[in-house]
Amino acid sequence: MSRTDQTPPQAVADGGRAPGSLLSRVQADRSVTRMVVLVVVAFAFFAVLNPRVFLSSINLQNIAISSPEIGVLALAMMLAMLTGGIDLSLVSIANLSAITISTLFTAVGENDPALAQSLAPLFVLAGIGVGLLGGLVNGFLVSRVGITPILATLGTMQAFNGLAVVWTGGTVLYGSPDSLTSLGQTAIAGVPVLFVVLLVTAAVVAVVVNRTPIGRKVQLQGANPVAARYSGIDSRQVLMRTYLISGALGGLAGVLFLSRNPTASADYGASYVLLVIVIAVLGGTNPNGGFATVTGVVLATLTLQIVASGFTAIRLSSYQYAIAQGAILIAVMVIDQVRWRRRPPRRRAGTSQASTPA
Amino acid sequence: MTTPPSPRESVPVLQVRDIVKTYGGVTALNGVSLDLFPGEVLCLAGENGCGKSTLIKIISGVEKPDSGEIIVDGVAHPAMQPADAIKSGIQVIYQDFSLFPNLTVAENIVLTSAVADRRRLYSPAGSRPAAQAIVDELGLDLDLDADVDSLSVADKQLTAICRALVSDARVIVMDEPTTALTHTEVERLFALVQRLRDRGVALVFVSHKLDEVLQVSQRVTVLRSGRHVITADAATLDPRSVARHMTGRDVDDSRSVGLVPVEGPPVLEVVDLSLTGAYEGISFTLRRGEVLGVTGLLGSGRTEIAESLFGVLPAERGTVRVDGQEVRLHTIRDAVRAGIGYVPEDRLSQGLFMDRSIADNMIAGSLDAHRTRWRTVDRAGTRTTIRGLFDRLRIKAPNVAAPVRSLSGGNAQRVVLAKWLATKPKVLMLNGPTVGVDVGSKEEILAILRAEAAAGMGVIVISDDAPELVASCHRVLVIRQGRLAHTLEGEGISVDTIRERVAA
């Protein structure tokens, strides 16, 4: 049944876009390449402007120590966005986790300080457990009740944050296991342990997303929820697990908060919510779901931290940094758009193409 | 169909002259010309990738030809813009109709022309009469105040046609106009086409359903591989000869199935399945190796029965046994676990992940089956599965990493099929397996189904395409108003009997 007298159908229907045929891989490479370029450019820019301050080892250490908590939150955000959702409650979850650890430590420490120190790993698990619990609530609302993720997590963000305020009475809690604090100050061969934690977390997330059935299902769910359901993929389970994992990562971020700074409060990192969305999108995550790269998100985290510390190095305020954040995001999106437009238009017929061949 | 007053004597309303269009080295159209006269219906036929879509896009100004020109009423347009095309009275009605589902019929009919006229304010009161006038003129039974969302496919199509006419369309191009219509609706559409012709409107039909199109067209133009093959009077052609021109070879759509393999053990037993408002008391048995056709009008319950067996629309009463084992089918997961696969009617939104690769699509249903003991995806295993199916189903694509969006209808359908074959189902149901698939590919897909059945699977084909049922099914169930009206077997299966029983 050969059709020798015919041009291969897809070659024509494809409109010669054969080079784009490896769409997802090209997309992945592109967002990673783009972020590598951005990291290098940002780094070079500030290194040239104020090499003495920017290239100082303290500054570089600072970048490496401040990135992990944001990076872990951005990875959690990326996961939620991969399913086509979002998780606004991540920072509230992280704060609840930090507050839980601090409270437990202080409570146990009142009677037996040594015991409190030795129970540190348990407290850390408790913090991550709080994150899981928060993720469970989100997952329940999104997957079982069926609330739109942005609204469900807006609700839980407010609720979790309110809970934290009531719990702490709006004050800053002091007290954290020494082992956590020293972890925050330790470096292996010049690389802060916290940064290693980020890299390990990123590697684990990458394996889960790309190499496990659940990760692949998360991607498919985001790419087309209806087709996912019709392929026998249990959307409820996929969404539930996604929010559980992102909640757990939120809990881990809380642990990182405490390691960097032995205090916990309800309003720490208030600006992080939007920042991590910016990072996730900048790192190549499709806000409509179905596409993301872990490497891209890690690099985007570094870029923004480099810009942040660079702004400090050249004595610009955090407000000016906020302007830069927005400008970078919009610039990257504009470049994307221009690139798309230069290709043959992604016409509507692109959709009808498969059903109405040629 | 009565013959119109010989259109050839009048002046063509649209002339296409020596159009050449290449996409990055691939020639999509190679010197194609055609004339379109007022009051005629021209059928544009050809396989996937023959250049039909490209030609329509050029006529409607969406794409610019490399060379050649479009002449509308004697005015040459070397580089037509979509706005020029609309102003010259050329309207394309796409398969999805491009209507606004949240607006009423009247608003949909009037709004685009109001926008095109750059009117700044929309007046519902002022617009309604214009919509009413068109609907009355065509003698249609359309509720102007209904939301388009709530309309049947046929009524949506009528709305789109009315919209085109409000913009003074003189050339209407319709992409697969009969695909989603029932037999009666097709008759209604063709009656309307007759009235449009009386108004002097010229129509271009792009369709795969050759027998239907030949009934309504005066002339047929066949394209193959971007070249014009033939333009002939419809009266001198039959579906077989058109198919031959399209493919360049003889297409065999004769019955190539034997009797029911009685010796095959029953793989699916359905007893007294009922769902209020959809179907009632459906019982049948499917044997291993059998291809069972289920047909009926749109809304007869044929799709609902399939969706119940796939757990999308759980039945209220009745029992289903797979391999003798009673199964509960409340969710899609239940069905998949029981070994039932379903290739849905709406391939684009329900069957495929358009932006993902062929490989990702193929493995989407069997991720859990390809798992290592570390609970990661077994990459070697998936690669073998994907490669095997890619070759077995002869999917035409550069490689398995190509996104499904770049595939033609026939190849996209094979990917959906592959996704289910990868799950090694006991029963595979296909709803409209060859809708939007060209003749050559259709034949191959049916051959694949027959081969899979012969290898021990039970196959159910839900379709309103009588020739397809004749070509592939051992038995055909005719559903009428939710009830199993007839079971056709062996020699009893013919295009005529099926059409007669379905409509009766």
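The model is predicted: local features need a pLDDT of at least 70, side-chain atom pairs count only at pLDDT 80 or more, and totals for chains, interfaces and linings use all residues. Residues are numbered from 1 along each chain as its sequence is written, while chains are lettered from A and ligands numbered from 1 in the order in which they are written. Helices (H or I, at least four residues) and strands (E, at least two) are DSSP runs, numbered from the N terminus.

**Confidence in chain A**

- Chain A has an average pLDDT of 86, and 86% of the residues score at least 70; pLDDT is the predictor's confidence in each residue, from 0 to 100.
- Within chain A, helix α7 (residues 120-145) has the highest confidence, at 97, and helix α17 (residues 349-355) the lowest, at a mean of 35.
- Residues 1-23 of chain A have a pLDDT below 50, and this stretch has 56 contacts in the model beyond near neighbours in sequence. Two residues are in contact if their C-beta atoms, placed from the backbone, lie within 7 Å.
- Residues 343-358 of chain A also stay under 50 in pLDDT, and the model has 48 contacts for them beyond four places in sequence.
- Where pLDDT is low, the predicted coordinates should not be read in detail.

**The six-stranded sheet of chain B**

- An open sheet of 6 strands in chain B runs in the order β16-β17-β18-β13-β19-β20, with mixed pairing. Two strands pair if DSSP finds at least two bridges between them.
- The edges are β16 (340-343) and β20 (483-489) of chain B; each has a single partner strand, so one side of each is left without a neighbour in the sheet.
- On average, neighbouring strands of this sheet are turned by 20 degrees against each other, direction ignored.
- Strands β13 (residues 291-295) and β19 (residues 475-480) of chain B are paired in the parallel sense over 4 bridges. In β19(B), B:V478 is the bridge partner of B:T295, and B:L477 is that of B:V294.
- Helix α17 (residues 495-503) of chain B packs on the sheet and touches β13, β19 and β20 of chain B. The direction of this helix makes about 170 degrees with that of β20(B); axes are lines fitted to C-alpha atoms, for helices over the stretch in contact, and angles run from 0 to 180 degrees between N-to-C directions.
- β19(B) and β20(B) run antiparallel and are joined by 6 bridges; in β20(B), B:L488 is the bridge partner of B:V476.
- The hairpin of β19(B) and β20(B) has 2 residues between the strands, and B:Q481 in the turn has a positive phi of about 45 degrees.
- β19(B) is mostly covered, with 5 of its 6 residues buried. A residue is buried if 20 or more other C-beta atoms lie within 10 Å of its own, exposed if 12 or fewer, and partly exposed in between, with C-beta atoms placed from the backbone.

**A parallel strand pair elsewhere in chain B**

- Strand β6 (residues 90-93) of chain B is covered on both faces: B:I90 and B:V92 are buried on one side, B:Q91 and B:I93 on the other.
- β6(B) runs parallel to strand β7 (residues 171-175) of chain B, joined by 4 bridges; in β7(B), B:V171 is the bridge partner of B:I90.

**Helices of chain A**

- Helices α9 (residues 178-185) and α13 (residues 235-260) of chain A pack at an angle of about 80 degrees, their axes 7 Å apart. α9(A) is therefore roughly perpendicular to α13(A), a class that spans 65 to 115 degrees, whereas angles under 35 count as roughly parallel, over 145 as roughly antiparallel and the rest as oblique.
- The contact involves A:L180, A:T181, A:L183 and A:G184 of α9(A) and A:L258, A:S259 and A:R260 of α13(A).
- Helix α14 (residues 272-282) of chain A is mostly covered, with 8 of its 11 residues buried, among them A:Y272, A:L275 and A:V276.
- A:G284 follows α14(A) and has a positive phi, near 100 degrees.

**Positive phi in loops of chain B**

- B:S225 is not a glycine but has a positive phi of about 50 degrees. B:S225 sits in the loop between β9 (219-224) and β10 (227-233) of chain B and counts as buried, with 21 C-beta neighbours inside 10 Å.
- B:R394, also not a glycine, has a positive phi of about 50 degrees. B:R394 lies in the loop between α13 (379-392) and α14 (409-421) of chain B and is partly exposed, with 13 other C-beta atoms within 10 Å.
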